[in-house]
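Please keep the structure in view while reading.

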Amino acid sequence: FGATGKVSTKADVYSCGILLLEVFTRRKPIDESFNGDFTLRQWVAEVFPLPISDVINGHLLKQNSSETVSDHAAEGHLLKQNNSGTVLNELLVMIMETGLSCSRKAPTERMGMKAVVARLKTIRRKASPLKE
């Protein structure tokens, strides 16, 4: 909908992308730190892809111990040594890439909704072993 005032699937894709960024950063597009032309999407795009821990909600990155991945990143260590940490990081990168791709300014540059669904299904499939 947005600037054109027309309903379209590309507007839905944009909303999906912003929602992904909002959920995984735990920041709202109307957050007071975003003003004028500076947006949630720009903030993520400027920081992304390294270090992912700077934009991802720290609660999502909790390890078995009381430390978070962002604590390790701040100390200059690898994000996580074990395989599940590597997979988690890969999945979070895929999610953020999807959110950024869906929320591009030009509707013609955005992913199609079928591609978004396929990507999210791939992410879910890869995440399944992490639940165990």
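Helix H1 (residues 9-25) and helix H2 (residues 40-47) have axes that come within 10 Å and cross at roughly 65°, where helices (H or I, at least four residues) and strands (E, at least two) are DSSP runs numbered from the N terminus, and axes are lines fitted to C-alpha atoms, for helices over the stretch in contact, with angles running from 0 to 180 degrees between N-to-C directions. H1 and H2 are therefore roughly perpendicular to each other, on a scale in which angles under 35 degrees count as roughly parallel, over 145 as roughly antiparallel, 65 to 115 as roughly perpendicular and the rest as oblique. Their crossing is left-handed, that is, the near helix is turned anticlockwise from the far one by less than a right angle. In this contact (heavy atoms within 4.5 Å), Ile-18, Leu-21, Glu-22 and Thr-25 of H1 meet Leu-40, Arg-41, Trp-43 and Val-44 of H2. The residues involved comprise 5 nonpolar, 1 polar and 2 charged, with Ala, Val, Leu, Ile, Met, Phe, Trp, Tyr, Cys and Pro taken as nonpolar, Asp, Glu, Lys and Arg as charged, and the others, Gly among them, as polar.

The model is predicted, so that local features need pLDDT of at least 70 and side-chain atom pairs count only at pLDDT 80 or more, while totals for chains, interfaces and linings use all residues. Residues are numbered from 1 along each chain as its sequence is written, and side-chain values use heavy atoms, with hydrogens and water left out.

H1 also meets H5: their axes come within 10 Å and cross at roughly 30°, which makes H1 roughly parallel to H5. This crossing, too, is left-handed. Asp-12, Val-13, Cys-16 and Leu-20 in H1 are in contact with Met-113, Val-116 and Leu-120 in H5, a set with 6 nonpolar, no polar and 1 charged residues.

For the chain, the mean pLDDT (the predictor's confidence in each residue, from 0 to 100) is 76, and 67% of the residues reach 70 or more.

The secondary structure comes to 5 helices and 0 strands.
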